[in-house]
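Work through the exercises below with the model open. Each task is followed by its solution.

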Amino acid sequence: MKNKKFLIVSLILAAVCIVGVLYVNANMRYSMLASVLQKGAIYALVAVALNLLNGFTGLFSLGQAGFMMLGAYTYAILTIPVAERIAVYQYFDGGIIQFCLPMAVGLVLAGIVPMLFAWLIGKPVLKLKSDYLAIATLGFAEIMRAIIQWKNLGPLTNSSNLLKRFANYENILFPMVVSAVCIAIIVLMINSTYGRAFKAIRDDEIAAEAMGINLAKHKMIAFMTSAFFAGIGGALLAMFQSSVQAAAFTSAMTYEILLIVVIGGIGSVTGSVMGAFLFVACSEWWLRFLDDPLPYLGVQIPFMRGGFRMLVFSVVIMVVVLFFRKGIMGDKELPDLWKKRPKKALKKASKKEVA
Amino acid sequence: MHEASYYIQLLLSGITVGSLYALIAIGYTMVYGILRLINFAHGDIFMMAGFFMVYLCTGMSPLVALPLVLIMTVILGVLIERAAYKPLRTAPRMSVMISAIGVSYLLQNLATYVTGGLARAYPEIPGLKNTIQLGSVSVNWITIITPVLTILLVVVLVLLINHTKIGMAMRAVSRDFETAQLMGIKINNVISVTFIIGSFLAAVASVLYFTNYGQVSPMIGAMPGLKAFVAAVFGGIGSIPGAVIGAYIIGVCESFIKANETFSVFSNAFTFALLICVLLFRPNGLFGEKMTEKV
Amino acid sequence: MKKFLALMLALIMVLGLAACGNSGSKDDEKVVKIGVFEPTSGQNGAGGKKEILGIQYANSLYPTVKINGEEYKVELVVADNASDASKAPSAAQTLISQGVSVVLGTYGSGCAIAAGDIFKNAKTPAIGTSCTNPQVTLGNDYYFRISYIDPFQGAVMANYAYTKQNSRNVAIVIESGDDYSAGFGNYFEKEMTRLGGASKVIEFQKGETDFTTMMATIKSGNYDGIFAPVSIETAAMIISQARDAGFTAPIMAGDTWDDISIAQRTGDKASDIYFSAFFDSSDTSNAAGKEFTDGFLKWVAADAARTADNGGVTDAISSVTPCGYDAYIAAIKAIEAANSTKGEDIQKALVTLEVPGLVTGDLKFDSNGDAVKNYAVIKTIKDGQIVYHDTYNG
């Protein structure tokens, strides 16, 4: 009964969202709103993928930008029309790849290639403990970036020059739907036995192992899944920007995604999604007036000039990190908030007892 | 084929860079030794020290500004610890690390805001940039001073840690945080001293580094910071001589890789490849102490 | 509490998203928006600011356009692309979303190429100021360009190096991942090979500050010249570290180096520096240039902020400033010719646009959308000042 109600509500919500997005697509394809919707959806997917590792499995990985880069490059390299290759690979006589895959195939491969790389490096690296794992994955991302930028790989990756003219979407609903479907798959995974095993590993590795959970296997599954979806997110990002360059995928990008996860709440999927939209909207749109030195209501505000937006924004992030450590959602999901919680009642009762 | 003087030049350049990494790495290794925290903001403290110098020198001579820069950087380091790390002392390690990333983000954005995102020319300290000719190798004074000063500072630091009361307290805290606290060591003081030393050395490194390369920009701290951290891990985290040796190895290797035209792109990647290898084959670094996992 | 908070957040998000529609302007005044797509921070921030000055100066002289007999006020909308090809798409989207009719910029080809397809897809024409890589306009009907392009500039500099400096073995220093650097270096190398000289490309990574190793390699490799088409910030480091390493042969570059801050930062180390430029303010044969120089310098001196953006000087003009100026003039001429504020109409007008007597010469776009240019000056640094050295016509 309850499930049915929930299903109906979410279906209605989804329909409203789709209609809204279609409206935006038809009437303001190039507005800031459209831009935030697309980028927010992409960041939401990547953040949820990182959350799967950091929040649900307790593996502190900082390699997200590296996997996104692999995905973006796989997609871009494989879907540039043959006729355009000579212009894109201008210093490498058109490159060595002389075929062009359909968009959907490219997108799936954009997930599979980073997944394979995750498998390769996961084998040794996943044995490491918390912050060593973080720094090793960060290092891996930097190494991959250098390899892609290597001159001798130019015919394949176009070296450090940017890739463009690859297959792209027309309707802004596309990245949102892809990202929604991917997030739904991650949610299904989290709610399966795998997800419960991940959480057990997060809470106590040794206890989890004692309960018969294969640590190496489950960590690897989480790592590869996260890489797969980060790769798809990277491909979507490449499409959104209509050009892609390895130099963009720095550790700063990983930090941004990590901050989204923290703002949304470590261990909450809906939190990450909300965090992503908030983060993108604030940094690209709502706070933009702070960069504007124009007077407001006749008063020239002395601090407002280029860069002030990011400064305010980073102060807000520090406040969240220090004082609202649980982020927006903590480890709860949005629908949880409407559920009756017996816990609270219990707590109240126990307080009374103490008193 | 190149002459011998070429290789000497590369070696010298590597030693200079290595010395600077060493000074920064000490800050990382000491903080990590005590708090088990990768202080991602350390590279940005180094960058901020550079900007302190730039802005102070608009009003005074570089020699007067120099001690002020050191003091201001130390204050900045301690402030960051008090504001961003101390409230999280009981929180999970991941939270503290995220806080460190947040501070780094904040400092970079602050510097971008203040400078308008442009690099600033670093004030020249008289005499340091004069070039001298040693045989067929030309070096400037800074190249000579950097390693000498670094070694001197490291020796002083090691003496401080091994032969003073506060040094003993630091060793105790890094061995076992909770027991040290129970034994009556004032943990917060020890941590403050750690940050004072770390920031001081970062400030010294910044003066040498930016005098050598001439300009400061808001994002300049990130890479040297990460490399210094790798040096610290490579040498064995918590070990000061280890960090210094690690830094020199990384500096010299990087210099030779950069000189190779085919592989120069990998100068940064090499550092991380080294890191991953060390973590896999000798997780405690070259000089690190073996630690057992507590359940 | 938690429920309330979540509801509030959701509400804020919905409201915020809904508030997008009213980005419009006041109704009592007709306004046409021109986007300024330039770096004001990052490696080329100093250069971007100088181009913006040119645009603002032009705007102060011609603040309105006439469309269908009605007077429209021109409003400049500036977006900072941070000299970073990865941040350029987002900056371009900001401009598009604010409804600009035409875009001017940018300094640095990498950002122009990265954003090119966004302008094309949004059917908003862009007029490149000093982005010289041919890829900017190639295959993009919506990108036009005021300046000359790298095949020309590369040939000019290679000829100069070969015949005037007698360089036979040149080290080409380029920043990996930067389209300006790679493209320009490539055309220089081709022309050098054609002339019979040798050259070798040496790459460095973005954000590099330590060139001592590279300079040691160059010095040891018996090169008799360096050609370094790199950003303003890197330029200062390359010059001083090359001279520190005892490298004495000429250092040559392109249009980016026409920036006073390089001379200011390198001091007496800036000797034997030669670079091509679009414009020379001391050239008295150029009447429009003379008029521009006098007016612009007065305008810069009148305001401290403008002087600061011009590198703190009121007696020098970077050659990218007139590119910004000319781009603005071209834009308003195109808007008037199109009689419309719609991007598509302006694009059609630009294709056939002809403007004689601009500061950087007569303007007419070829089939790629590039201005037809065959004039370049070569400048050098003397006593901390950028001075005229040579002219190339052909």
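This is a predicted model: local features need pLDDT of at least 70, side-chain atom pairs count only at pLDDT 80 or more; totals for chains, interfaces and linings use all residues.

Residues are numbered from 1 along each chain as its sequence is written, with chains lettered from A and ligands numbered from 1 in the order in which they are written.

**Exercise 1.** Compare the radius of gyration of chain B with the value for a compact globule.

*Solution.* Chain B has 295 residues, so a compact globule would have a radius of gyration near 19 Å. The rule is 2.2 Å times the number of residues to the power 0.38, over C-alpha atoms. Chain B has 19 Å, which agrees.

**Exercise 2.** How is H11(B) enclosed?

*Solution.* Start with length. H11 of chain B covers residues 267-281 and reaches 22 Å from first C-alpha to last, close to the 21 Å expected. Next, burial: 11 of its 15 residues are buried, so H11(B) is largely enclosed by the rest of the structure. Buried means 20 or more other C-beta atoms within 10 Å of a residue's own, placed from the backbone. Among them are Phe270(B), Phe272(B) and Leu275(B). Last, partners: these buried residues pack against H6 (130-148) of chain A, and H9 (222-235) and H10 (240-259) of chain B.

**Exercise 3.** Which helix gives the most to the side of chain B that touches chain A?

*Solution.* Count contacts (C-beta atoms, placed from the backbone, within 7 Å). 34 residues of chain B are in contact with 35 of chain A. H4(B) gives the most to that side of chain B, with 15 residues.

Methods: Helices (H or I, at least four residues) and strands (E, at least two) are DSSP runs, numbered from the N terminus. The expected span of a helix is 1.5 Å times one less than its number of residues. A residue is buried if 20 or more other C-beta atoms lie within 10 Å of its own, exposed if 12 or fewer, and partly exposed in between; C-beta atoms are placed from the backbone. Two residues are in contact if their C-beta atoms, placed from the backbone, lie within 7 Å.
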